[in-house]
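Please keep the sequence and the structure in view while reading.

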Amino acid sequence: MGSNRIHPVSLGFVFRSRAKEEKAATADQASPTDSKQPRDPQARKGRPTPKRSEAQTQRRSVANTTLTRKDASKRQRDERRVQLEKQRQALSGRGNERDLPLRDRGPIRKFARDYIDSRFNVAEFFLPMAVVILVLSVVQVPALQNIALLLWLVIIILIVVDSFLNVLRIRKQLAERFPGQDTKGTVWYSLMRSLQMRRLRLPKPQVKRGERP
């Protein structure tokens, strides 16, 4: 009997092992069904909660993607405003010639402007003369009305002759200075400029009267 002694078994060990086995079996049975059941709001997420700054950044990125068209329109308006301001500066003579309107760009158009601005043109005095003639024609004096009519004829003839001479001179100058280059429309461009008063011309004159362009 001495050799067949029964060693006592700790009851705590038996209960702990059985409790662990039951918990593991319960977890194995519940794991496939937990993903199908709604998660308890109070339960742990299984991932770290994002910081407030990260959440705000994510919300801003989503908002920016929804306002892309609006932002693009605003950017286009801003660029257009900057472009118009540069063009205005160029037309006033204080900006870069590359910002001028397309019809005013290039050395050929610049030469045509300088040629017209460097001389007196009869057509640029048409408006002041027209005011004088109008006043004379309104006065109820036959002699003054006859003078007004004569001035009308004289000023029109002078403008036609001066414009014709300008066309001949400009064509000759363009052929000498820009041989083989496309000068289409330049003569008409310069002629229209000669009809304007000097102070109203755009781009602003860059040469003085009598100065060689």
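This is a predicted model: local features need pLDDT of at least 70, side-chain atom pairs count only at pLDDT 80 or more; totals for chains, interfaces and linings use all residues.

When two helices cross, the crossing is called left-handed if the near helix is turned anticlockwise from the far one by less than a right angle, and right-handed if the turn is clockwise.

The overall composition comes first. The protein contains seven helices and zero strands, and along the sequence its pattern reads α-α-α-α-α-α-α. Of the 213 residues in the protein, 20% are buried. The accessible surface amounts to about 17100 Å², and carbon and sulfur atoms contribute 59% of that surface. Among contacts with a separation of 6 or more, 65% are between residues 24 or more positions apart.

The arrangement of helices may now be considered. Two packed helices are described by the angle between their axes and the distance between the axes. Helix H5, residues 126–138, packs against H6 at an angle of about 160 degrees, and their axes lie 8 Å apart. Because angles over 145 degrees count as roughly antiparallel, H5 is roughly antiparallel to H6. The crossing of this pair is left-handed. On the H5 side, the contact involves Phe126, Met129, Ala130, Ile133, Leu136 and Ser137, which meet Leu144, Gln145, Ile147, Ala148, Leu151, Trp152, Ile155 and Ile159 of H6. By class, the contact of H5 with H6 comprises 12 nonpolar residues, two polar residues and no charged ones.

Helix H6, residues 142–177, also packs with helix H7, residues 186–194; here the angle is about 140 degrees and the axes are 10 Å apart. That angle makes H6 oblique to H7. The crossing of H6 and H7 is right-handed. From H6, the residues in contact are Ser163, Asn166, Val167, Ile170, Arg171 and Leu174, while H7 supplies Thr186, Val187, Ser190, Leu191 and Ser194. The contact of H6 with H7 consists of five nonpolar, five polar and one charged residues.

Is methionine 197 buried, partly exposed or exposed? Its relative accessibility is 25%, and therefore methionine 197 counts as partly exposed. Leaving aside residues up to four places away in sequence, methionine 197 touches Glu124, Leu127 and Pro128.

Key:
Residues are numbered from 1 along each chain as its sequence is written. Side-chain values use heavy atoms; hydrogens and water are left out. Axes are lines fitted to C-alpha atoms, for helices over the stretch in contact, and angles run from 0 to 180 degrees between N-to-C directions. Helices (H or I, at least four residues) and strands (E, at least two) are DSSP runs, numbered from the N terminus. Angles under 35 degrees count as roughly parallel, over 145 as roughly antiparallel, 65 to 115 as roughly perpendicular and the rest as oblique. Contact means heavy atoms within 4.5 Å. Ala, Val, Leu, Ile, Met, Phe, Trp, Tyr, Cys and Pro count as nonpolar, Asp, Glu, Lys and Arg as charged, and the others, Gly among them, as polar. Buried means under 20% relative accessible area, exposed over 50%, partly exposed in between (1.4 Å probe, protein chains only). Accessible areas come from the Shrake-Rupley method with a 1.4 Å probe; for residues, only the protein chains shown count as cover.
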